[in-house]
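Try each task before reading its solution.

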Amino acid sequence: MYRGITLSCCLSKLFESVLSRVFEQWLTTDDLQYGFKKHGNCSHALITFKESVKYFVQKGSKVQCVSLDASKAFETVLHHGLFVKLINKGVPAVFIRLLCNWYKRMKCSVLWNNVFGDIFAVNCGVRQGGVLSPILFSIYVDDLIG
């Protein structure tokens, strides 16, 4: 079982680093999202979850939990949906246009036994290792919290 990934070269990472710095004030997510943030990680989310469950159980409530397997999440981000969410957040149009062009031109090819296959367009997913990828994914799923 194989899955495709799109990698980012050094020039792409530099470009995305500049974009993330210039537009960082618009690239925010809900405070209850702990992943991909400075001074936040999964342990913060687990502590919050554990304490929330403990609180409600002590009060005599039943606690039901839903989990989300996000192991292949970066590959499933729909570009059009991401751009709509960025527009709704009020992200400057220049950033969204740059991103649209950046992702619209994304092409891939399969490498198997040192032979490249045909080039094809990539219509969904954010780049593996891209500087903006975690931020864009967080924005993409941000409304799940609400």
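This is a predicted model: local features need pLDDT of at least 70, side-chain atom pairs count only at pLDDT 80 or more; totals for chains, interfaces and linings use all residues.

Residues are numbered from 1 along each chain as its sequence is written, and side-chain values use heavy atoms, without hydrogens and water.

**Exercise 1.** Find how α3 and α5 are oriented and which residues meet.

Solution. Locate helix α3 at residues 79-88 and helix α5 at residues 133-141. Their axes (lines fitted to C-alpha atoms over the stretch in contact) lie 9 Å apart, at an angle of about 80 degrees. So α3 is roughly perpendicular to α5 (65 to 115 degrees). Next, list the contacts (heavy atoms within 4.5 Å). Gly-81, Leu-82, Lys-85 and Leu-86 of α3 meet Leu-136, Ile-139 and Tyr-140 of α5. By class, that gives 5 nonpolar, 1 polar and 1 charged residues.

**Exercise 2.** Determine how α1 runs relative to α4.

Solution. Take helix α1 (residues 10-22) and helix α4 (residues 93-104). Their axes come within 12 Å and cross at roughly 160 degrees. Therefore α1 is roughly antiparallel to α4 (over 145 degrees). Now find the contact: Ser-12, Phe-15, Glu-16 and Leu-19 of α1 touch Phe-95, Leu-98 and Trp-102 of α4.

**Exercise 3.** Which side chains meet in a salt bridge?

Solution. Apply the rule: a side-chain nitrogen of Lys or Arg within 4 Å of a carboxyl oxygen of Asp or Glu. The count is 1. Lys-85 and Asp-143 form the bridge, at 3.1 Å from N to O. Lys-85 sits in helix α3 and Asp-143 in the segment after α5, 58 residues apart. Asp-143 is exposed, at 52% relative accessible area (exposed means over 50%, with a 1.4 Å probe and protein chains only).

Methods: Axes are lines fitted to C-alpha atoms, for helices over the stretch in contact, and angles run from 0 to 180 degrees between N-to-C directions. Helices (H or I, at least four residues) and strands (E, at least two) are DSSP runs, numbered from the N terminus. Angles under 35 degrees count as roughly parallel, over 145 as roughly antiparallel, 65 to 115 as roughly perpendicular and the rest as oblique. Ala, Val, Leu, Ile, Met, Phe, Trp, Tyr, Cys and Pro count as nonpolar, Asp, Glu, Lys and Arg as charged, and the others, Gly among them, as polar. Buried means under 20% relative accessible area, exposed over 50%, partly exposed in between (1.4 Å probe, protein chains only).
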